[in-house]
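Q: I have just opened my first protein model, and I would like to learn how to read it. Could you walk me through it step by step?

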Amino acid sequence: MDVIALGELLIDFTENGVSGNGNPILEANPGGAPCNVLAMLQKLGHKTAFIGKVGKDSFGDYLQETVAGLGIDTDNLLRDEEIPTTLAFVHTAPDGDRSFSFYRNPGADMMLKKTEIAYDRLKDTRIFHFGTLSMTHEDVREATKAAVACASEGGALISFDPNYRPLLWKDEGLAREMMRYGFECCDILKIADDEILFYTGANTVEEAIMQFRQRHRPTLMCVTLGREGSIAFYKDLRVQRKAVLREDTIETTGAGDTFLACVLHTVLEQGIDNLTEAGIDDMLRLAGTAAAIITTRKGALRVMPTREEITAALTDR
């Protein structure tokens with residue numbers, strides 16, 4: 001495998017107009033950050049697999065069929081007999097940004113145990129990716145750490161995206177502790193501006209970056225700044241790019257996952273040992289362009305842009 005990811009696979013209910021009675025219409029979109037990353041990587045021609053758990057219900061059926069239909073290996077996607085598939089409701093602001101409400105108390109993604117992981121697969125992947133939603137509760141936290149250890153021992157690069165969702169953490173201190181775990185073991189990091197501010201407690205993003213890099217030094221680190229673009233850090237290099245903004249943006253679900261997938265694509269294509277300043281700039285341009293495309297669509301997992309769409313958008317700029 002090129003990339004194996006572990007974590008949440010769920011239904012994102014996104015707003016899609018208003019009914020004749022004035023009620024909001026919600027569309028059931030397959031989602032979950034780790035699988036969104038894999039979906040984009042599949043579009044870029046990579047071989048991927050997912051580790052996780054959904055309920056043995058109609059939503060679980062839909063998710064399993066959807067993920068397999070995208071070409072993502074689902075051999076280690078399990079079904080829980082008792083706990084339902086996790087649901088998320090996405091509330092979209094006028095500028096396209098979003099907030100979330102979760103039905104996950106518990107949800108099937110939390111039920112994954114370390115004894116249920118196919119470790120042989122993890123010993124034969126180039127990159128292993130995870131986030132913090134699989135760190136909120138004890139069993140799935142142990143499973144995540146066991147998977148990270150196995151992949152790392154097998155020589156895989158470790159990719160981490162905090163994907164911090166405050167409503168899913170009862171204890172902010174535990175959230176920071178789990179973020180710290182990811183920061184200390186990852187080779188590739190994608191972190192959003194609000195997440196690095198939360199973790200460091202700094203007042204500005206620049207101050208937060210300075211504090212963070214005094215504590216943690218992943219080989220490749222990308223900070224996403226929303227409408228302000230992104231910054232990459234690699235060895236002694238700092239490369240910054242403005243955001244790709246589109247007038248037809250609908251909402252930003254999946255933008256960060258699309259961005260990260262393009263970063264991982266660059267590492268898979270070029271390796272992580274000898275990246276150049278020009279190569280990192282190209283990486284950020286590719287990632288920003290792909291992320292901008294996904295903001296024009298409802299959902300993420302099933303509607304990731306193709307390589308041809310991204311190339312055409314890059315040519316237009």
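This is a predicted model: local features need pLDDT of at least 70, side-chain atom pairs count only at pLDDT 80 or more; totals for chains, interfaces and linings use all residues.

Q: Which residues touch the most other members of the largest nonpolar core?

A: Ile 310 is one of them, together with Leu 9, Leu 41, Ile 188, Leu 220, Val 263 and Met 283. That core has 52 residues. A second, separate core holds 49 residues, including Val 90, Ile 117, Phe 198 and Ala 208.

Q: How do I decide on buried or exposed for a residue such as Gly 60?

A: Look at the relative accessible area: under 20% means buried. Gly 60 has a value of 0%, so it counts as buried. You will find Gly 60 in helix H2. Leaving out residues up to four places away in sequence, Gly 60 touches Val 54, Gly 55, Arg 79 and Thr 85.

Q: How far apart are the C-alpha atoms of Gly 60 and Gln 214?

A: They are separated by 43 Å, and the two residues lie 154 places apart along the chain.

Q: Now for charged side chains. How many salt bridges are there?

A: The count comes to 15. In one of these, the side chains of Glu 81 and Lys 56 meet at 3.2 Å, N to O. This pair links distant parts of the chain, 25 residues apart: Glu 81 sits in the loop between strands S5 and S6, and Lys 56 in the loop between strand S4 and helix H2. Both Glu 81 and Lys 56 are exposed.

Q: What does the salt bridge between Arg 238 and Glu 206 look like?

A: Their side chains meet at 2.7 Å, N to O. Arg 238 belongs to strand S13 and Glu 206 to helix H7, 32 residues apart. Arg 238 counts as partly exposed because its relative accessibility is 37%, and Glu 206 does so because its value is 44%.

Q: Which residue forms a salt bridge with Asp 281?

A: Arg 241 does, with the closest N and O atoms 3.1 Å apart. Here helix H9, which holds Asp 281, is linked to strand S13, which holds Arg 241, and the two residues are 40 apart. Salt bridges can also share partners, and in this way Lys 53, Asp 80 and Glu 116 are joined into one network.

Q: How can empty space be found inside a protein?

A: Rolling a probe the size of a water molecule over the atoms shows where empty space is left. A search of this whole structure finds 2 cavities of 30 Å³ or more. The largest cavity has a volume of about 50 Å³, and its lining divides into 5 nonpolar, 4 polar and 3 charged residues.

Q: What lines the second largest cavity?

A: Its lining consists of Ile 4, Ala 49, Phe 50, Ile 51, Asp 73, Asn 76 and Arg 121. Strand S4 gives the most to this lining, with 3 residues. The second largest cavity holds about 40 Å³ of space.

Q: What is the volume of the second largest pocket?

A: That pocket has a volume of about 260 Å³. Among the residues lining the second largest pocket are Phe 102, Arg 104, His 137, Trp 169 and Asp 171. By class, this lining has 5 nonpolar, 3 polar and 3 charged residues.

Technical notes
Residues are numbered from 1 along each chain as its sequence is written. Side-chain values use heavy atoms; hydrogens and water are left out. A nonpolar core is a set of buried Ala, Val, Leu, Ile, Met, Phe, Trp, Tyr and Cys residues joined through side-chain atoms within 4.5 Å. Buried means under 20% relative accessible area, exposed over 50%, partly exposed in between (1.4 Å probe, protein chains only). On a 1 Å grid over the protein atoms alone, a cavity is a set of points where a 1.4 Å probe fits but cannot get out, and a pocket is an open set with protein on both sides within 12 Å along at least five of seven lines; lining residues have an atom within 4 Å of a point. Grid points are joined across faces, edges and corners, and a volume is the space filled by probe spheres set on the points. Ala, Val, Leu, Ile, Met, Phe, Trp, Tyr, Cys and Pro count as nonpolar, Asp, Glu, Lys and Arg as charged, and the others, Gly among them, as polar. A salt bridge is a side-chain nitrogen of Lys or Arg within 4 Å of a carboxyl oxygen of Asp or Glu. Helices (H or I, at least four residues) and strands (E, at least two) are DSSP runs, numbered from the N terminus. Contact means heavy atoms within 4.5 Å.
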